[in-house]
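Dear colleague,

Please find the structure below, followed by a summary of what was found in it.

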Amino acid sequence: MSTVIPTEGRRDGPRRVTFVTNPGDCNLRCVFCRDHSPLAQRPPAPPARMPWELLSAVLDERRGSPLAEVIPSTRGEPLLYPHLDRLADRCAEQGLSLNVTTNGTFPVRGPAGWGERLYPVASDIKISWLGATAATAEALMPGLSFERALEDVRTFVAGRNAYRARTGRGCRVSFQVTAVEPNVSELPGIVELAASLGVDRVKVNHLQVHFESQRQLSLLRDPAAVGRWNEAVRAARDVAARTAGAPPLLQNFAELAPDPEAAPPAPGPCPFLGREAWVLWDGRFAPCFAPGAADGRLGRFGTVQERTLGEIWASPEYRRLVDRQTDHPTCRACRLRRPGGA
């Protein structure tokens with residue numbers, strides 16, 4: 001069985017590239033993290049930082065391609081990447097947008113300093129947000145001060161609004177939520193908090209289980225957990241519907257079939273394959289960010305030092321994965337696919 005992939009950008013490459021710039025750099029130890037979680041029962045991964053020369057070479061090779069947006073890291077804290085200023089300058093030079101996911105501590109420069117640097121070039125600033133109360137947020141993000149994070153979001157959003165008033169443009173500010181057992185009951189409160197702070201969007205993802213001790217947190221582990229998720233989804237939608245003015249956009253707030261072991265619907269199009277690319281800190285190409293993709297479970301495609309990103313994108317092995325994705329067992333089981341093409 002084959003999946004029809006949009007022809008736009010197919011020959012020339014991805015519209016968006018995630019560079020996993022510094023997965024070892026973080027000032028928090030979030031429980032859902034692959035590298036830093038205290039549940040991992042092993043020391044945090046040592047710092048791993050993408051050389052600027054590698055990142056720069058890929059951007060040079062992508063000039064004139066459909067590339068429109070760049071994401072630095074999604075593991076670790078990208079605001080700690082020592083070459084982020086250079087990346088922001090390069091994006092401005094090449095007419096690219098910068099899409100940043102931060103843990104909300106705004107290290108080194110604070111929210112005002114980072115806002116001044118990022119507002120002109122950013123498309124979206126996603127702030128990891130795991131609770132509506134200090135107790136929950138601080139337990140899930142060890143090292144976080146919830147009250148300080150609230151003030152920093154207020155400062156960042158106010159700065160964005162002022163920049164937008166001056167220039168007519170300004171990045172979207174989002175909460176990025178990993179839904180887990182300890183915070184599922186607070187999802188409606190997170191939506192309400194986002195609305196009160198002027199946050200534009202709340203995007204929620206289910207936990208990617210990286211090791212067995214995290215499985216107890218997953219809301220996909222049994223029918224009772226799925227039921228709590230579905231109840232929270234309905235309540236969060238109700239909060240958004242009752243919000244005065246423009247409510248935050250809710251993304252991925254979708255109810256699930258009651259039995260997580262039941263046969264899933266036929267998988268629809270993948271939102272990533274044939275559209276986006278990931279380059280790991282050491283230059284390895286990954287077709288998506290699903291667990292195991294970086295470790296070769298979907299195939300091994302080489303590095304951008306061996307072949308250009310465009311050559312990897314056009315390679316027979318990558319095209320085969322894109323065209324036959326619905327036959328791949330890892331892809332068929334992926335929760336990120338859109339069932340029935342929805």
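Helix 6 (residues 187–197) lies across strand 5, strand 6 and strand 7, running at about 170 degrees to strand 5. Contact here means heavy atoms within 4.5 Å; axes are lines fitted to C-alpha atoms, for helices over the stretch in contact, with angles from 0 to 180 degrees between N-to-C directions. Helices (H or I, at least four residues) and strands (E, at least two) are DSSP runs numbered from the N terminus.

This is a predicted model, in which local features need pLDDT of at least 70 and side-chain atom pairs count only at pLDDT 80 or more, while totals for chains, interfaces and linings use all residues. Residues are numbered from 1 along each chain as its sequence is written, and side-chain values use heavy atoms, leaving out hydrogens and water.

Helix 7 (residues 223–242) also lies across strand 5, strand 6 and strand 7, at about 165 degrees to strand 7.

These strands belong to an open sheet of nine, in the order 7-6-5-4-3-2-1-8-9, with mixed pairing; two strands pair if DSSP finds at least two bridges between them. Strand 7 (249–251) and strand 9 (285–286) are the edges, each pairing on one side only. Strand 5 (residues 172–179) runs parallel to strand 6, joined by six bridges, and Thr178 has Asn205 in strand 6 as its bridge partner. Of the six residues of strand 6 (residues 201–206), five are buried, that is, under 20% relative accessible area (1.4 Å probe, protein chains only).

Yours sincerely

Definitions and conventions:
Buried < 20%, exposed > 50% of the residue type's maximum accessible area, 1.4 Å probe, protein only.
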